[in-house]
Amino acid sequence: MAMDAGKRNKALEPQCPVYRKCGGCQLQNLSYDRQLQWKQDRCQKLLGQFGKIQPILGMEHPYHYRNKVQAAFAWDRRGGRIISGVYQSGTHWVVPVDSCLTEDEKADEIIVSVRKLLKAFKLRPYDEDTGRGLLRHVLVKRGFQTGEIMVVLVTGTPIFTAKKHFVEELLKLHPDITTIVQNVNDTHTSLVLGKNEKVLYGTGYITDVLCGCKFRISPKSFYQINPVQTEKLYGKAMELARLSGKERVLDAYCGIGTIGMVAAKNGAKAVLGVEVNRDAVKDAIANARENKMKNITFLCEDAGEFMENAAVEGEAFDTVFLDPPRAGASREFLQALCSLAPRRVVYISCNPETLARDLRFLTANHYRVEQLQPVDMFPHTQHIECVVLLQRRTM
């Protein structure tokens, strides 16, 4: 039954006590059904010009879905205590958070334990103004299928007093932690992770299983944070690609190889993943080896430059998967993609605004949109993921 606009947008009292301070869950004042309708309407507004928008794929249980949780640490001068949480939207003020409705509950428990251990060991959080103190952030990644847990302690200095005993106490509190890494970020930057890291316990990485493939996840590697919805997203991408066993596939922006490996497992004859991040490529190669996949290879190179050279050299790809960052694909990348002229393009986007811009370019350059499917990867937020199938028009 259709709802009128007034009822659909009626506000609820948010469940989270720091909803207004944090700013991370912009739609928490709406019921989940109304959130989905809001996102469907936004996709219609931004992308309806390209064709029919399929009904958005939502979550059955839209809480505690984030398998990657990071917390900033600071000293509360007014309260005289160590706090941890998230930066208030648009500021560098830390909003204290002990538990979050979107974050993995175990990860939140670990972060609270680290905060208590800092006090017990008489360690201070890092102060950006003075350059003194130790801990800047804690990053926790948890394997949804495997249950493996990585804890990354991001410090402002490589000097970590009593780190052996600190790790021992953390493991006593949470024996299910599988690896602990110290990452050193001693620069004045808004980036969470620095360049240097040291494994304090375990292997320095965790593994998880997604769409039947096993993946190695290191501190710096990108991995989708909502594995339940990622399986829906990638399943739809494979459905749209219609791989028959004959296709040569290019996975641009391949990261640690997730989409490419799922394609290699689901009908692609050969897959090439291209990624500029060396750490991600290293993980991707290890992932392919772990899964005993012989029909996928990886190349550390800028995807746009690779496609330009491939087009000049006459290389052909039947299908290209691309999953760019929120800024979307660059004009140079899209021009290179059109020069390469694959028969099908499966575009996975995390920003419908930049997706609309890129689709305008592609549809003006011999491609037509065949299907557009939104997926709710981030319940309670305004973010929307979409997967789009584009088919090259015959000249």
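**The second largest pocket and its surroundings**

Modeller: In this predicted model, four strands, β1 (68–76), β2 (81–87), β3 (94–96) and β4 (135–142), each supply at least two residues of the lining of the second largest pocket. Among the elements, β1 gives the largest share of that lining, with 4 residues. The space in this second largest pocket comes to about 830 Å³. Its lining is made of 28 residues, and those closest to the centre of the pocket are A74, W75, R77, W93 and V94. Sorted by class, the lining of the second largest pocket holds 12 nonpolar, 5 polar and 11 charged residues.

The model has 2 cavities of 30 Å³ or more, and the largest cavity has a volume of about 70 Å³. The elements that give two or more residues to the lining of this largest cavity are β1, β2 and α4. Here again β1 provides the largest share, this time with 3 residues. The residues that line the largest cavity are V69, Q70, A71, G85, V86, V97, D98, E103, D108 and I111, and by class they divide into 5 nonpolar, 2 polar and 3 charged residues.

Helix α4 deserves a look of its own. It runs over residues 105–120, which makes 16 residues, and from its first C-alpha to its last it reaches 23 Å, close to the 22 Å expected at 1.5 Å a residue. The buried residues of α4 are K106, A107, D108, I110, I111, V112, S113, V114, R115, L117 and L118. Two of the names in that list, D108 and I111, are also found in the lining of the largest cavity. As for what lies over the buried residues of α4, the cover includes β1, β2 and β4, together with β5 (149–155) and α5 (163–173).

The second largest cavity holds about 40 Å³ of space. Its lining consists of Y87, H92, E128, R136, H137, T189, S190 and L191, which by class are 2 nonpolar, 4 polar and 2 charged residues. L191 counts as exposed because its relative accessibility is 57%, and exposed requires a value over 50%.

Finally, we can look at the cysteines. The structure holds 0 disulfides. C254 is in no disulfide, and the nearest cysteine sulfur, that of C300, is 9.0 Å away, whereas a disulfide needs two cysteine sulfur atoms within 2.5 Å. C254 is also buried, since its relative accessible area is 5%. For C338, the closest cysteine sulfur is that of C386, and because the two sulfurs are 20 Å apart they are too far for a bond. C338 counts as buried as well, because its relative accessibility is 15%, and buried means a value under 20%.

Conventions
Residues numbered from 1 in each chain as written. Predicted model: local features only at pLDDT ≥ 70, side-chain atom pairs only at ≥ 80, totals over all residues. Heavy atoms only, no water. Buried < 20%, exposed > 50% of the residue type's maximum accessible area, 1.4 Å probe, protein only. 1 Å grid on protein atoms, 1.4 Å probe; cavity = no way out; pocket = protein on both sides within 12 Å on 5 of 7 lines; lining within 4 Å. Points joined across faces, edges and corners; volume = space filled by probe spheres on them. Nonpolar A, V, L, I, M, F, W, Y, C, P; charged D, E, K, R; others polar. Expected span 1.5 Å × (residues − 1). Contact = heavy atoms within 4.5 Å.
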